[in-house]
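These are my notebook entries on one structure. I set down what I looked up, item by item.

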Amino acid sequence: MRLLLRELTHRSKNLLAVIQAMARQTARHAGSVEGFLSQFGARLQALAASHDLLVRESWYGASLNELIRSQLGRYIERSAGQVAIEGPAIALKPRRAKSRSGAARTGRQC
């Protein structure tokens, strides 16, 4: 039980550090409080989507295709066939899947 609690504490601290870094990066590029709130909210939703994907995969990694679809799904659906996702199956390590999620929603690179 202690081992599990230590792991949970470690992961929670890591997640809070990621959120803090996202807030700082978003604040640097936001022109207003409203812009910050909108961009930061979108980045948090993207991070949550990545976590959902990783949980479904038992934290072993994530498919790049599934990650792209989880981050850009609503834009792909609106494009009515204008966007195609093709390529080989690529598995991302959990750290990479999390670090790319915030950039997709804001159009910025991590």
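I looked up the pairing of Arg11 with Glu7 and found their side chains joined in a salt bridge, at 2.7 Å from N to O. I note that the model is predicted. Side chains of opposite charge can pair when their charged atoms come close. I then searched the whole structure, and the count came to 1 salt bridge. Both Arg11 and Glu7 belong to helix α1, 4 residues apart, which is about one turn of the helix. I checked the exposure of each partner. Arg11 counts as partly exposed because its relative accessibility is 39%, a value between the limits of 20% and 50%.

**Nonpolar surface patch**

Which residues form a nonpolar patch on the surface? I recorded Met1, Leu4, Leu5 and Leu8, with about 480 Å² of accessible area together. I followed up Leu8, whose place is in helix α1, residues 2–29. Leu8 has a relative accessible area of 52% and is therefore exposed, the cut-off being over 50%.

**Packing of α2 and α3**

Two packed helices are described by the angle between their axes and the distance between the axes. I looked up both values for α2 and helix α3 (residues 64–78): the angle is about 145 degrees, and the axes are 9 Å apart. On the α2 side, the contact is made by Ala46, Ala49, Ser50, Leu53 and Arg56; α3 contributes Glu66, Leu67, Ser70 and Gln71.

**Ser58**

Where is the place of Ser58? I located Ser58 in the loop between α2 (33–56) and β1 (62–63). Ser58 counts as partly exposed because its relative accessibility is 48%. I also took the separation of the C-alpha atoms of Ser58 and Pro94, which is 9.8 Å, with the two residues 36 apart along the chain.

**Whole chain**

I closed with the totals. The protein chain has 4 helices and 2 strands, and from the N terminus on I read the order of elements as α-α-β-α-β-α. Of its 110 residues, 27% count as buried. I looked up the contacts between residues at least 6 apart in sequence, and 58% of them join residues at least 24 apart. For the surface, I noted that the protein chain exposes about 8000 Å², of which carbon and sulfur atoms supply 56%.

Definitions and conventions: Residues numbered from 1 in each chain as written. Predicted model: local features only at pLDDT ≥ 70, side-chain atom pairs only at ≥ 80, totals over all residues. Heavy atoms only, no water. Buried < 20%, exposed > 50% of the residue type's maximum accessible area, 1.4 Å probe, protein only. Patch = residues over 30% accessible without salt bridge, like charges linked within 9 Å, V, L, I, M, F, W, Y side chains within 5 Å. Areas by Shrake-Rupley, 256 points an atom, 1.4 Å probe, with all protein chains shown as cover. Salt bridge = Lys/Arg side-chain N within 4 Å of Asp/Glu carboxyl O. Axes fitted to C-alpha atoms, helices over the stretch in contact; angles between N-to-C directions. Contact = heavy atoms within 4.5 Å.
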